[in-house]
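Please keep the sequence and the structure at hand while reading.

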Amino acid sequence: MGVSRKDLYSYTASMFVGIVKGIYRHMPTALSTEDTANGFIVIRMGDIKDDSEIIGNTDAKTRIYVECYVPDVNTTTTNGVMSTTKYDAMQQAVDDRIDTECDKLNHTYTISRDGILSSDDTYINKANSFMVYITSFQVII
């Protein structure tokens, strides 16, 4: 039985259900009101690498990148500094879900956090500005 990228996308997207409504496989061309108010997640997948060396013993993995777009709305300060409340909540929720999956035994896929690989960025879409929290993990197949 082969592993399809579609199945991996569905599996990883299901990990983040409930954090935000918008979970996409690529950057959406248009943002919903929900996306601009509460943020959204884009899941990107690297190549599936087959590291199998013994016939009948599969060993493959792919890196999943989780990009969390958090609205950069700050009306409480006048100095232009980002309000981190939503950003911190999104980061914590995503990290907790990944950690929970890492701890599961005998699951469809094994998740490996393999160190902390994360960064941040900014994204502007028309009049909407977002802070972006980016993290990754490996899915071992």
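E67 counts as buried, at 10% relative accessibility, because buried means under 20% relative accessible area. The model is a predicted one. R44 has a relative accessibility of 31% and counts as partly exposed. The side chains of E67 and R44 form a salt bridge, with 2.7 Å from N to O. E67 belongs to strand β4 (residues 60–71) and R44 to strand β2 (residues 40–45), so this pair ties together parts that are 23 residues apart in sequence.

Where else do side chains meet in a salt bridge? K104 and E101 are such a pair, with 2.9 Å from N to O. K104 is partly exposed at 38% relative accessibility, whereas E101 is buried, with a relative accessible area of 9%.

Another salt bridge joins D95 and R113, whose closest N and O atoms are 3.0 Å apart. D95 sits in helix α3 (residues 85–103), and R113 lies in the loop between β5 (110–112) and β6 (118–125); the pair links distant parts of the chain, 18 residues apart. Are D95 and R113 buried or exposed? Both are buried.

| Pair | N to O distance |
|---|---|
| E67 and R44 | 2.7 Å |
| K104 and E101 | 2.9 Å |
| D95 and R113 | 3.0 Å |

In total, the count comes to five salt bridges. Salt bridges with shared partners join D95, D99 and R113 into one network.

Methods
Residues numbered from 1 in each chain as written. Predicted model: local features only at pLDDT ≥ 70, side-chain atom pairs only at ≥ 80, totals over all residues. Heavy atoms only, no water. Salt bridge = Lys/Arg side-chain N within 4 Å of Asp/Glu carboxyl O. Helix = DSSP H or I, 4+ residues; strand = E, 2+ residues; numbered from the N terminus. Buried < 20%, exposed > 50% of the residue type's maximum accessible area, 1.4 Å probe, protein only.
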